Amino acid sequence: VDVGSVTMLAGGNYELKSTTGSAVTRAANDVRLTSDNGDVSATVTDDTRVFKVVAKTVDLGKDINSTTTANGSLVVKGDFTVTGTTTTVSTVNMTVKDNLVQLNAVPTEKGRFPGLLMSRHADDHLGVAGDESAAFVFDETVDRFKLGYTGANAESSSLAMSRAADLQVEKLYCSDV
């Protein structure tokens, strides 16, 4: 069917199926799959096949005609792999069930400082340059952990501590002092 506009109404189920070759839906603008009363599914029934979404950006939970985000969740059943250079998680709280979290899994450069950076509010660091983040890192140059302040962020190629931070603990056990 090659026409300017097609509206298909089905009282029951509607299926676009190809028994040989491929079934293709193309549009110059948006393609919408919506349902007023049930789920919308895109299924690959053969476990050896992959469902692919090829796009520059994929928005999940957003109405394509507005900037409002729908309330909902993304549930991944199975392994989840993200590849790229930057992963940004913008949530209020994050829970990780794992006992171990590995940072700097396959270092390609020596002398890096694997660790954690915690951004600080400008009022908390009183505008002191170099104190924008609190850091708990492993200093490869001296083989020791450091706790302090830095102006570096997660995109920095190097990390310099502006000063050491205090550490408050209940008890401290050491093998050597």
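Accessible areas here come from the Shrake-Rupley method with a 1.4 Å probe. On that basis the chain exposes about 17,100 Å². Carbon and sulfur atoms supply 49% of that area. Keep in mind that this is a predicted model.

**Stop 1: the whole chain**

Show everything as a cartoon. You will find zero helices and four strands. Read from the N terminus, the elements run β-β-β-β. Now colour by burial. Of the 177 residues in the chain, 7% are buried. Contacts can be sorted by sequence distance too. Among those with a separation of 6 or more, 22% join residues 24 or more positions apart.

**Stop 2: the sheet**

Select the four strands. They form an open sheet in the order E1-E2-E3-E4, with antiparallel pairing. Which strands stand at the edges? They are E1 (115-119) and E4 (161-164). Each has a single partner strand, so one side of each is left without a neighbour in the sheet. Look along the sheet next. Neighbouring strands are turned by 35 degrees against each other on average, direction ignored.

As a reminder, strands of a sheet pair through backbone hydrogen bonds, either parallel or antiparallel.

**Stop 3**

Select residues 133-139 for E2 and residues 144-150 for E3. How many bridges pair these two strands? There are seven, in the antiparallel sense. Pick out two positions on E2. Val 137 stands opposite Lys 146 in E3. Asp 139 has Arg 144 of E3 as its bridge partner.

Move to the turn. The hairpin has four residues between the strands. Select Asp 143, which lies in this loop between E2 and E3. Most residues other than glycine have a negative phi. Asp 143 has a positive one, near 55 degrees. Is Asp 143 buried or exposed? Its relative accessible area is 56%, and the cut-off for exposed is over 50%, so Asp 143 counts as exposed.

**Stop 4**

Go back to Asp 139, in strand E2. Its relative accessibility is 3%. Buried means under 20%, so Asp 139 counts as buried. Show its contacts, leaving aside neighbours within four places in sequence. They are Phe 113, Arg 144 and Lys 146.

One of these contacts is also a salt bridge. The side chains of Asp 139 and Lys 146 meet at 2.8 Å, N to O.

**Stop 5**

Side chains of opposite charge can pair when their charged atoms come close. A search of the whole structure finds two salt bridges. For the other one, select Arg 163 and Asp 131. Their closest N and O atoms are 2.8 Å apart. Arg 163 lies in strand E4 and Asp 131 in the loop between E1 and E2, so the pair ties together parts that are 32 residues apart in sequence.

Asp 131 is buried, at 1% relative accessibility. Arg 163 is partly exposed, with a relative accessible area of 43%.

Arg 163 is the bridge partner of Tyr 149 in the pairing with E4. E3 and E4 pair in the antiparallel sense over three bridges.

**Stop 6: the phenylalanine cluster**

Finish with rings. Select Phe 136, Phe 138 and Phe 145, which form one aromatic cluster. How many aromatic pairs are counted? The count comes to two. Phe 136 and Phe 145 make a stacked pair: 5.3 Å centre to centre, with 5 degrees between the planes. Phe 138 and Phe 145 have ring centres 5.0 Å apart and planes at 75 degrees, so this pair is edge-to-face.

Phe 145 is exposed, with a relative accessible area of 56%. Phe 136 is partly exposed at 37%.

Terms used:
Residues are numbered from 1 along each chain as its sequence is written. This is a predicted model: local features need pLDDT of at least 70, side-chain atom pairs count only at pLDDT 80 or more; totals for chains, interfaces and linings use all residues. Side-chain values use heavy atoms; hydrogens and water are left out. Buried means under 20% relative accessible area, exposed over 50%, partly exposed in between (1.4 Å probe, protein chains only). Contact means heavy atoms within 4.5 Å. Two strands pair if DSSP finds at least two bridges between them. Axes are lines fitted to C-alpha atoms, for helices over the stretch in contact, and angles run from 0 to 180 degrees between N-to-C directions. A salt bridge is a side-chain nitrogen of Lys or Arg within 4 Å of a carboxyl oxygen of Asp or Glu. Rings of Phe, Tyr and Trp (its six-membered ring) pair if their centres lie within 6.5 Å; planes under 30 degrees apart count as stacked, over 60 as edge-to-face and the rest as tilted.
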